[in-house]
Amino acid sequence: AVTSTIEYIHNNFWQKIKLSEIAKVVLTDKYALCREFKKYTGQTIFEYINHYRSLKAIDYLTEGYRIETGGRKMAEKYGQEKKFCRNFSGMDLLKI
């Protein structure tokens, strides 16, 4: 279920992701999925999603966009610009 969850996140990171939708796709209970995901990755599902989205925003930076633009472009893709920019600007980019 963890591998399928990661695949789902990678294929849908640009849109709003709901835990119930992931659980439905990977055919498991959302609570069991959360426990299993944390056990194998060391992160919650939403920590992983935020981390992956930040990596994608960094891709924009390597293409020459400014940091505000990179974060904004990623946030526009999934419709939560303020939340994403706050998460992105608060990340320790050296740990990524």
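Student: What are the angle and axis distance where α1 packs on α4?
Tutor: Helix α1 (residues 2–12) and helix α4 (residues 45–62) pack at about 40°, with axes 10 Å apart. This is a predicted model: local features need pLDDT of at least 70, side-chain atom pairs count only at pLDDT 80 or more, and totals for chains, interfaces and linings use all residues. Residues are numbered from 1 along each chain as its sequence is written, and side-chain values use heavy atoms, with hydrogens and water left out.

Student: Why oblique for α1 and α4?
Tutor: The angle makes α1 oblique to α4. Under 35 degrees counts as roughly parallel, over 145 as roughly antiparallel, 65 to 115 as roughly perpendicular, and the rest as oblique. Axes are lines fitted to C-alpha atoms, for helices over the stretch in contact, and angles run from 0 to 180 degrees between N-to-C directions.

Student: Left-handed or right-handed crossing of α1 past α4?
Tutor: Right-handed. The near helix is turned clockwise from the far one in a right-handed crossing; anticlockwise by less than a right angle is left-handed.

Student: Which residues make that contact?
Tutor: From α1, Thr 5, Ile 6, Ile 9 and His 10; from α4, Ile 45, Tyr 48, Ile 49 and Tyr 52. They divide into six nonpolar, two polar and no charged. Contact means heavy atoms within 4.5 Å. Ala, Val, Leu, Ile, Met, Phe, Trp, Tyr, Cys and Pro count as nonpolar, Asp, Glu, Lys and Arg as charged, and the others, Gly among them, as polar.

Student: Stay on His 10. Which residues does it touch, leaving aside neighbours within four places in sequence?
Tutor: Tyr 48 and Tyr 52. The C-alpha atoms of His 10 and Tyr 52 are separated by 7.7 Å, and the two residues are 42 apart along the chain.

Student: How exposed is His 10?
Tutor: His 10 counts as partly exposed, because its relative accessibility is 28%. Buried means under 20% relative accessible area, exposed over 50%, and partly exposed in between, with a 1.4 Å probe and protein chains only.

Student: On to α3. How does it pack on α4?
Tutor: Helix α3 (residues 30–41) packs on α4 at about 60°, with the axes 9 Å apart. So α3 is oblique to α4.

Student: Which residues meet there?
Tutor: Leu 33, Cys 34, Phe 37 and Lys 38 of α3 meet Ile 45, Glu 47 and Tyr 48 of α4.

Student: Change of topic. What is the phi of Leu 27?
Tutor: Positive, about 60°, although Leu 27 is not a glycine. Leu 27 is in the loop between α2 (19–25) and α3. Its relative accessible area is 76%, so Leu 27 is exposed.

Student: Zoom out. How many helices and strands does the chain have?
Tutor: Six helices and zero strands. Helices (H or I, at least four residues) and strands (E, at least two) are DSSP runs, numbered from the N terminus.

Student: What share of the chain is buried?
Tutor: Of the 96 residues, 29% count as buried. Among contacts with a separation of 6 or more, 52% come from residues 24 or more positions apart.
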